[in-house]
Amino acid sequence: MHVFLLGVSHQTAPIDVREQLDFSSRDVGAAVETLAARYSAGEAVVLSTCNRSEIYVASDDLERARQELVDFLGSYHGLPREAFESHIFVHADEDATRHLFRVAAGLDSLVVGEPQILGQVKDAFQVAATRQCAGPVLTRLFHTSFGVGKRVRSETGLGEGAVSVGFAAVALARKIFGRLDGRGVLVVGAGEISTLTAQHLRAQGVGEIVITSRTAAHADALAADVGGRAVPWSELRGSLAAADIVITATGSQRPILTRADIETVTDRRRGEPLFIIDIAVPRDVEPSVGEIEQVFLYNVDDLQAVVQENLSRRSAEISRAESIVSEEVERFAAWRRSRGAVPTVVALRQRFEQIRRAELQRLEHKLGPLTPEARAGVDEVTRLIVEKLLLAPTAHLKALPDEETQLAYTEAVNRLFELRDESPVAPAADEVDAEQPNRTRS
Amino acid sequence: MKILPLLLYGVSAVAYAVHFARRDPAAGRAATASLLVAALAHTFVIGMQTMEVRHIPFASLPNVVSTFVWLLALSYLYLEITTEERAMGVFILPIAIGLQSISALTPGVEKVDPVLDSPWFWIHVASLLCAYASFALAGVLGLTYMLQFKEIKKKHLGYLYNRLPSLLTLDVMNSRAMTIGWVFLTVGVAVGVLWTAQARPLSPDDPNLRAMSLDDPKIFFAVLTWAVYSFALFARTRLGWTGRRAAWLSAVGFIIVLLNFLPIGYFVTTSHTFQ
């Protein structure tokens with residue numbers, strides 16, 4: 001059984017193509033069911049986010065899987081193949097595994113190490129699992145990918161450090177104040193970054209967010225957006241006194257907060273720190289304000305520099321994350337290979353069991369006089385002998401290093417024990433698989 | 001006997017260093033656990049000594065230093081458990097190891113001068129040791145504060161920025177440690193003064209008691225320490241000297257404490273040379 005992947009991502013397709021192939025805005029569950037119904041293996045997972053649409057299936061025939069998935073994409077989205085065929089990528093087996101593990105780890109994301117993708121991978125699997133569309137191969141594959149995502153996040157610094165100006169500001173506030181509960185925030189002037197920053201701060205549980213702007217309507221709108229309180233522009237200096245964090249983002253050509261303004265406030269703060277984030281260009285706060293003891297002044301360039309530094313620190317962690325991915329790909333490949341041996345193992349077991357029963361049957365006239373307990377004992381002993389005999393061959397067959405060796409071994413076992421002529425063994429494969437519970441790292 | 005805790009503190013220091021460098025939570029838990037084991041072993045050693053000499057081993061300087069290290073380890077563990085901040089371990093453990101080595105290398109004879117045989121003496125030493133342990137913590141917190149302050153103020157958010165706690169956390173903990181230390185220091189010094197006044201008429205010829213005055217470096221430095229910490233607390237509440245200024249004062253205060261404790265205690269003092 002092979003793992004096959006076909007999809008588009010921000011690396012291979014422009015936004016308009018990705019939009020046309022998007023599943024997330026439609027019913028992903030229905031798509032998964034349609035897909036799973038088409039393949040003999042009955043396994044399919046669809047991962048669709050704004051950066052990617054990827055279909056994972058388990059299939060015995062890779063070329064057929066490719067053809068069918070391209071047809072499916074075209075018919076499901078009502079597009080001619082030419083519209084998207086040049087943008088899709090396909091991976092099989094180890095490459096497909098590696099791709100999913102890299103995605104789950106955040107290595108394939110637009111912003112390397114971003115945390116949302118792992119949740120999206122989990123959701124995608126959940127949709128398939130609840131519809132019984134994820135069989136043993138994909139279940140194992142996705143569960144392992146969750147583990148990879150977790151490992152990369154805990155063992156490397158790939159997801160560390162804020163990589164947007166708003167988050168960088170919040171991270172700094174936390175390094176200054178510790179917990180942000182109840183801290184007063186003053187937003188001066190409305191803009192995209194100041195809105196985002198205020199929203200991040202709100203999520204951290206800050207106290208009151210006071211908003212003021214030269215245009216009262218802007219202040220009111222922002223106040224409604226972030227759940228704050230708008231005050232008239234004339235109250236700017238008065239509102240400073242209650243603020244621990246000040247965000248300025250006005251279009252003013254001259255500084256609106258001077259050193260004297262801030263010193264008046266800090267004198268009354270009794271050494272409590274004051275964090276000022278000046279996002280405006282030109283700057284709203286006199287640069288010399290940063291020299292005041294217990295005042296921490298960051299402008300937009302400072303925050304950009306922090307973001308850049310975090311990004312480069314994340315890239316330095318990529319190789320460590322990649323080696324975790326490789327390790328897990330290898331582990332998954334070994335498991336998949338071991339599954340290749342399953343039909344042979346099952347056939348071998350059936351053969352041995354058949355012989356055992358036949359012999360017991362043949363000796364029936366000698367066993368007849370025994371008490372029921374003694375007969376049960378004979379049954380048990382013979383069963384145990386067969387189990388013991390099969391233990392080592394089963395383990396070896398499942399642990400073969402590559403497909404070529406596996407083929408040679410299977411062939412040998414088939415001939416030695418004359419397995420080919422026996423009853424069909426394929427349907428019993430899941431039975432053995434059930435004996436070996438899926439190892440999940442959660 | 002003092003070697004065992006010393007070795008265990010060494011193991012703990014390595015664990016804290018690994019935790020600091022890699023920020024691996026498992027290494028952090030191992031560090032706390034190893035320090036707990038070291039502190040327990042130290043408790044056992046001190047307990048054995050107490051049973052042997054029938055009093056807490058306070059009467060010779062090396063033993064006093066060892067008891068101080070034990071108190072420092074316990075108070076640091078308390079701080080760590082209440083704040084869930086492990087970053088200061090890398091700064092505290094070297095102090096503990098350095099002092100414990102001095103103590104282990106200079107074995108002291110635990111013989112109590114008859115003049116000292118008074119409950120006041122034990123209260124005096126115990127309070128001062130608690131004060132010094134608090135000041136050691138405050139000093140390390142102050143140092144950590146200054147390092148973190150520099151990173152944030154200079155806008156260079158590097159190695160330490162990611163590892164050290166927030167400024168306000170450090171400041172609050174520093175203030176608490178200084179206040180607790182100041183209370184113990186005040187009690188310890190006051191008891192010392194009262195007890196000297198009481199003991200002098202009883203043993204008028206004792207050279208130590210005769211030397212008890214501000215002219216003696218140990219006493220002078222003790223009073224200086226008290227003055228520095230009193231000012232630090234006054235300045236925090238009245239002048240708003242929090243943050244970096246408080247951090248500086250706690251670091252300076254601890255340097256004076258350390259000077260008084262070791263070089264002066266070992267070599268210079270004329271009044272505290274009992275035995």
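In this predicted model, chain A is divided into three parts, namely domain 1 (2–155), domain 2 (165–304) and domain 3 (341–435). The centres of domain 1 of chain A and domain 3 of chain A, taken over C-alpha atoms, are separated by 38 Å. For chain B, the domain assignment gives domain 1 (1–111) and domain 2 (112–275), and the corresponding separation between the centres of domain 1 of chain B and domain 2 of chain B is 19 Å.

The contact between the two domains of chain B takes 25 residues from domain 1 of chain B and 23 residues from domain 2 of chain B. On the side of domain 1 of chain B that touches domain 2 of chain B, helix 3 (61–83) and helix 4 (89–105) of chain B each supply at least two residues, and helix 3 of chain B gives the most, with 10 residues. By class, this side of domain 1 of chain B has 17 nonpolar, five polar and three charged residues.

Chain A contains an open sheet of six strands, arranged in the order 7-6-5-8-9-10 and paired in parallel. Strand 7 (229–230) and strand 10 (295–299) of chain A stand at the edges, where each has a single partner strand, so that one side of each is left without a neighbour in the sheet.

Most residues other than glycine have a negative phi, and most peptide bonds are trans.

Further along chain A, helix 14 (residues 342–362) and helix 16 (residues 372–398) have axes that come within 10 Å and cross at roughly 165°, which makes helix 14 of chain A roughly antiparallel to helix 16 of chain A. The crossing of helix 14 of chain A with helix 16 of chain A is right-handed. Helix 14 of chain A contributes residues including A:Leu348, A:Phe352 and A:Leu360 to this contact, and among those they meet in helix 16 of chain A, taken as a group, are A:Val386, A:Leu389, A:Pro393 and A:Leu397. By class, the contact of helix 14 of chain A with helix 16 of chain A has nine nonpolar, three polar and three charged residues.

The contact between the chains takes 16 residues from chain A and 14 residues from chain B. On the side of chain A that touches chain B, the elements that give two or more residues are helix 8 (165–177), strand 10 and helix 13 (300–340) of chain A, with the largest share, five residues, coming from helix 8 of chain A. By class, this side of chain A has seven nonpolar, three polar and six charged residues. Strand 10 of chain A, already described as an edge strand of the sheet, is thus listed among the elements that give two or more residues to the side of chain A that touches chain B.

Terms used:
Residues numbered from 1 in each chain as written. Chains lettered and ligands numbered in written order. Predicted model: local features only at pLDDT ≥ 70, side-chain atom pairs only at ≥ 80, totals over all residues. Pairing = 2+ DSSP bridges. Helix = DSSP H or I, 4+ residues; strand = E, 2+ residues; numbered from the N terminus. Axes fitted to C-alpha atoms, helices over the stretch in contact; angles between N-to-C directions. Parallel < 35°, antiparallel > 145°, perpendicular 65-115°, else oblique. Left-handed = near helix turned anticlockwise from the far one by under 90°. Contact = placed C-beta atoms within 7 Å. Nonpolar A, V, L, I, M, F, W, Y, C, P; charged D, E, K, R; others polar. Domains from an automatic or database assignment.
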